[in-house]
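Subject: Structure for your files

Hello,

Here is the structure I said I would pass on.

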Amino acid sequence: MGAALEIRNLHASIEDKPILRGVNLTVKQGEVHALMGPNGSGKSTLANVLLGHPAYQVTAGQIIFDGVDLLELDADERSRAGLFLAFQYPVAIPGVTLANFLRQAINSRMKATDPNSKGISIPEFRRLLKAKMDFLQIDHSFAGRYLNEGFSGGEKKRAEILQMAALEPKISILDETDSGLDIDALRIVAEGVTKLLGPNLGVLVITHYQRILNYIKPEFVHIMFEGQIVENGGPDLALRLEESGYDWIREKYGTA
Ligand code: ADP
Ligand code: MG
């Protein structure tokens, strides 16, 4: 049995304003899900709650990851347990190269599992990094860049995918809504995710844009509206969104 991320009847607020109003969603290792929905529906709120962002209060419900109560874990522990949140490291870190950052992340995971671990050796890390970059067709010089410093939108995405490849998470959450995503950046994410897919990786791509579905083929598509997942389907649902947008969702579920 692979790991699963199970979100059960999740309610969450920000500044006492309820945003999530009973979200149910299960993502298993080996599955690709897309969470879509109009702007303001609560997608990023869900991502932030999964990350453990302190501004959001969970007022009801549960999140179980690989059999563990996720809400009891801090952000680092969530990552070590095998949950990857792509927007976890959005800031530039002066003086830290992408390679350094990845090595530290791998070391901290190894030490969490085994307190006596000396971490990954430099030659071993170099081999791993090279293999991952070759696999993803990322230029080797990229690992020497300072993390996110002067990165274009596409380069940030490439760095995210490389982090994901190096950390080998069980479940990855990618929130693709903000940061001025151009079509190149979307393509990089989609191609990277597609390459990394396999029985050991589950992915939840959160996006407003139907067009990412031209590049990534989720088996499961969910539509969030006003803090709830109102529609669950397969590729057919993605096609419907591509053709008709979200107006039919507003008509069907809108309260205003
Ligand atoms: P989405 O990612 O689907 O566009 P968000 O989760 O960003 O939606 O936003 C959901 C709702 O939460 C919106 O109504 C938004 O105005 C509100 N919201 C988000 N962040 C904050 C905040 N920091 N303070 C108050 N309201 C917020
Ligand atoms: Mg958002």
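This is a predicted model: local features need pLDDT of at least 70, side-chain atom pairs count only at pLDDT 80 or more; totals for chains, interfaces and linings use all residues.

Helix α3 covers residues 98-113. At 1.5 Å a residue, its 16 residues should span 22 Å, and the end C-alpha atoms are 23 Å apart, so the two agree. Its buried residues are L98, A99, F101, L102, A105, I106, N107 and R109. The cover over them includes α2 (75-80), α4 (122-136) and α5 (153-167).

R78 is in helix α2. This arginine is buried but has no salt bridge. A salt bridge needs a nitrogen-to-oxygen distance within 4 Å, and the nearest side chain of opposite charge, D74, is 6.7 Å away. A polar atom of the R78 side chain does lie 3.1 Å from the backbone oxygen of V49. Leaving aside residues up to four places away in sequence, R78 touches several others, including V49, L50, G52, L70 and L83.

The count of salt bridges is 10. Three of them:

- E6 with R8, at 2.8 Å from N to O. E6 is partly exposed at 23% relative accessibility, and R8 is partly exposed at 35%.
- D134 with K130, at 3.2 Å between the closest N and O atoms. Both lie in helix α4, four residues apart, or about one turn. D134 is partly exposed at 40%, as is K130 at 43%.
- E160 with K157, at 3.3 Å from N to O. They are three residues apart in helix α5, about one helical turn. Both E160 and K157 are buried.

Regards

Conventions: Residues are numbered from 1 along each chain as its sequence is written. Chains are lettered from A and ligands numbered from 1 in the order in which they are written. Side-chain values use heavy atoms; hydrogens and water are left out. Helices (H or I, at least four residues) and strands (E, at least two) are DSSP runs, numbered from the N terminus. The expected span of a helix is 1.5 Å times one less than its number of residues. Buried means under 20% relative accessible area, exposed over 50%, partly exposed in between (1.4 Å probe, protein chains only). Contact means heavy atoms within 4.5 Å. Lys and Arg count as positive and Asp and Glu as negative; His and the chain ends are not counted. A polar contact is a pair of N or O atoms within 3.5 Å; within protein, one must be able to donate a hydrogen and the other to accept it, and residues adjacent in sequence count only if both atoms are side-chain atoms.
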